[in-house]
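This briefing goes through one protein model topic by topic. Please keep the sequence and the coordinates at hand while reading.

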Amino acid sequence: ETLPKFESARTTVICEDAMSCGRVVLFVLVGALAALFAIPAPSILSVENVDACIQASKAQKPGALPSFSLRKNAEFDVILFGATGFTGNLTARYLSRQQTHRSFTFAIAGRSQRKLDTLASSLPHPPSIFVADAGDLDALRALVRRTKVLITTAGPFADFGKLLVQACAEEGTHYADLSGEFFFQRDMIRDHHKTAQNSGAKIVVAAGYDSLPFDIGANLALSALHDADPAT
């Protein structure tokens, strides 16, 4: 069945602004990465502990070190899994730029050596590369042991995220994704909450969840405001 065509000029503007929408997802994800270092309680965020995490975050003094421990012997601060996709590519470029003004190490990972090589060579500071399949638990365990934080943009997460969450929860590696799949999030909390608590891993699901609808809403609001008053 053929999907209906949208003729609205506003829809055209929104579609042409897709790069901006992707950047919003990127910035939310990176913001969640920063939050890993601001919320002290090590566990998967769930209904039972969200309020406690918020209060602990508010009590944290600006510039204070987090009260939970990171993997001190890790080779990298961050490994980005699924780096060659659209949002992964933007995230990799952001992370690469961070190496210019701070002591920061990161690597990229995914399934395709060729695509990872191409991405790495295009970055201002080419990172290390690791090839790992989302279905290979042993390879994922070996990968997450090398980093303090693992962020992933490789979806659908119900297909490509479960073993990665398991590996991080078991190995004590902090994790963030941009999943919007509530059933995946529910299963990960059910299956790995206790493991993450015991290992000290902070598992943050839905870190960049569905920023696109809000960006579209803001675009429509600005368009309506401009129509009402072209001087704005």
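How many salt bridges does the count come to? The count comes to eight salt bridges. The model is a predicted one.

**Overall make-up**

- Of the 232 residues in the protein, 43% are buried.
- The accessible surface is about 12500 Å², and carbon and sulfur atoms hold 57% of that area.
- Among contacts with a separation of 6 or more, 72% are between residues 24 or more positions apart.

**Salt bridges**

- Glu-75 and Arg-146 form a salt bridge in which the closest N and O atoms are 2.7 Å apart.
- Glu-75 sits in the loop between helix H3 (50-59) and E1, and Arg-146 in the loop between helix H6 (137-144) and strand E4 (147-152), so this pair ties together parts that are 71 residues apart in sequence.
- Both partners fall between the cut-offs of 20% and 50%: Glu-75 is partly exposed at 45% relative accessible area, and Arg-146 is partly exposed at 33%.
- Asp-187 forms a salt bridge with Arg-190, with 3.3 Å between the closest N and O atoms.
- Both of these residues belong to helix H9 (residues 182-199), where they are three residues apart, about one turn of the helix.
- Asp-187 is buried, with a relative accessible area of 13%, whereas Arg-190 is exposed, at 58%.
- Another salt bridge of Asp-187 is with Arg-186, at 3.1 Å from N to O.

**Aromatic rings**

- The structure holds four aromatic pairs.
- One of them is the edge-to-face pair of Phe-76 and Phe-130, with 5.7 Å centre to centre and 75° between the planes.
- This pair links distant parts of the chain, as Phe-76 is in strand E1 (residues 76-81) and Phe-130 is in strand E3 (residues 128-131), 54 residues apart.
- Phe-76 is buried at 6% relative accessibility, and Phe-130 is buried at 15%.
- Phe-104 and Phe-106 form a stacked pair, with centres 6.2 Å apart and an angle of 20° between the planes.
- Phe-104 counts as buried because its relative accessible area is 16%, and Phe-106 counts as buried because its value is 2%.
- Arg-111 lies over the face of Phe-160, at 5.3 Å from the ring centre.

- Val-165 is part of helix H8 (residues 162-171).
- Its relative accessibility is 0%, so Val-165 counts as buried.
- Leaving out residues up to four places away in sequence, Val-165 touches Tyr-175, Phe-184, Met-188, His-192 and Ile-203.
- Tyr-175 is 10 residues from Val-165 along the chain, and their C-alpha atoms are separated by 7.2 Å.

**Gln-98 in a loop**

- Gln-98 is located in the loop between helix H4 (86-97) and strand E2 (106-110).
- Is Gln-98 buried or exposed? With a relative accessible area of 10%, Gln-98 is buried.
- The side chain of Gln-98 reaches the backbone oxygen of Tyr-94 at 2.9 Å.

Notes
Residues numbered from 1 in each chain as written. Predicted model: local features only at pLDDT ≥ 70, side-chain atom pairs only at ≥ 80, totals over all residues. Heavy atoms only, no water. Helix = DSSP H or I, 4+ residues; strand = E, 2+ residues; numbered from the N terminus. Buried < 20%, exposed > 50% of the residue type's maximum accessible area, 1.4 Å probe, protein only. Polar contact = N/O pair within 3.5 Å; in protein donor to acceptor, adjacent residues only side chain to side chain. Contact = heavy atoms within 4.5 Å. Areas by Shrake-Rupley, 256 points an atom, 1.4 Å probe, with all protein chains shown as cover. Phe/Tyr/Trp six-rings, centres within 6.5 Å; stacked < 30°, edge-to-face > 60°. Lys NZ or Arg CZ within 6 Å of the ring centre and 35° of its normal. Salt bridge = Lys/Arg side-chain N within 4 Å of Asp/Glu carboxyl O.
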